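Subject: Structure for you to look at, with notes

Dear colleague,

Please find below the structure I promised to hand over, with the sequence beside it.

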Amino acid sequence: MPPPEAPGWEVPAVGWLLDHCPSDYRMYAVWRRHPIALAWVTTHHLDGQLGAMRAAYRGLRVDLTDHVEPEGIAAALAALEAEGARLLAARRAAGLLLEAMHGHAFVPRL
């Protein structure tokens, strides 16, 4: 992703944001015309996914113990944990893009 001060940086940012939303979002021109709105809705979408992932992680063992063998439960919990980490990283990145679109200047840290 190019830095926010680079010309045209919002074009790849919009593509990245759309990649983290349901594919049907691509058919609405409003998201390309108003990238800040897309960044805002993407953060909310990712928050919802994180909430669902956490609820699934909490409930999987209780709800599926009688239907899935212990190895399957362990594998499913590991997959949910990995997906949760991926979603958390995407949510942080989407939040940073939203801040950049609001004009926040980022200062490199050592």
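A salt bridge, in these notes, is a side-chain nitrogen of Lys or Arg within 4 Å of a carboxyl oxygen of Asp or Glu. Please bear in mind that this is a predicted model, in which local features need pLDDT of at least 70 and side-chain atom pairs count only at pLDDT 80 or more, while totals for chains, interfaces and linings use all residues. Residues are numbered from 1 along each chain as its sequence is written, and side-chain values use heavy atoms, with hydrogens and water left out.

Salt bridges

A search of the whole structure finds 3 salt bridges. In one of them Asp47 is paired with Arg91, and the closest N and O atoms are 2.7 Å apart. Because Asp47 lies in helix H3 and Arg91 in helix H4, this pair ties together parts that are 44 residues apart in sequence; helices here are DSSP runs (H or I, at least four residues; strands are E, at least two), numbered from the N terminus. Asp47 counts as partly exposed at 34% relative accessibility, and Arg91 also counts as partly exposed, at 25%, where buried means under 20% relative accessible area, exposed over 50% and partly exposed in between (1.4 Å probe, protein chains only).

Another salt bridge joins the side chains of Glu83 and Arg86, at 2.6 Å from N to O. Both residues lie in helix H4, 3 residues apart, which is about one turn of the helix. Glu83 is partly exposed at 26% relative accessibility, and Arg86 is partly exposed with a relative accessible area of 40%.

Asp19 and Arg26 also meet through their side chains in a salt bridge, with 2.3 Å from N to O. Here Asp19 is exposed, its relative accessible area being 52%, whereas Arg26, at 37%, counts as partly exposed.

Helix packing

Helix H1 covers residues 10-19 and helix H4 residues 70-101, and the two pack at an angle of about 145 degrees with their axes 11 Å apart. Axes are lines fitted to C-alpha atoms, for helices over the stretch in contact, and angles run from 0 to 180 degrees between N-to-C directions. The crossing of H1 and H4 is left-handed, a word used if the near helix is turned anticlockwise from the far one by less than a right angle, with right-handed used if clockwise. On the H1 side Glu10, Ala13, Trp16 and Leu17 take part, and they meet Ala90, Ala93, Ala94, Leu97 and Met101 in H4, contact meaning heavy atoms within 4.5 Å. The residues of this contact divide into 8 nonpolar, no polar and 1 charged; Ala, Val, Leu, Ile, Met, Phe, Trp, Tyr, Cys and Pro count as nonpolar, Asp, Glu, Lys and Arg as charged, and the others, Gly among them, as polar.

H1 also packs with helix H3 (residues 35-64), at an angle of about 30 degrees and with the axes 10 Å apart. H1 and H3 are therefore roughly parallel to each other, given that angles under 35 degrees count as roughly parallel, over 145 as roughly antiparallel, 65 to 115 as roughly perpendicular and the rest as oblique. H1 passes H3 in a left-handed crossing, and the contact brings Glu10, Val14, Leu17 and Leu18 of H1 together with Pro35, Leu38, Ala39 and Thr42 of H3.
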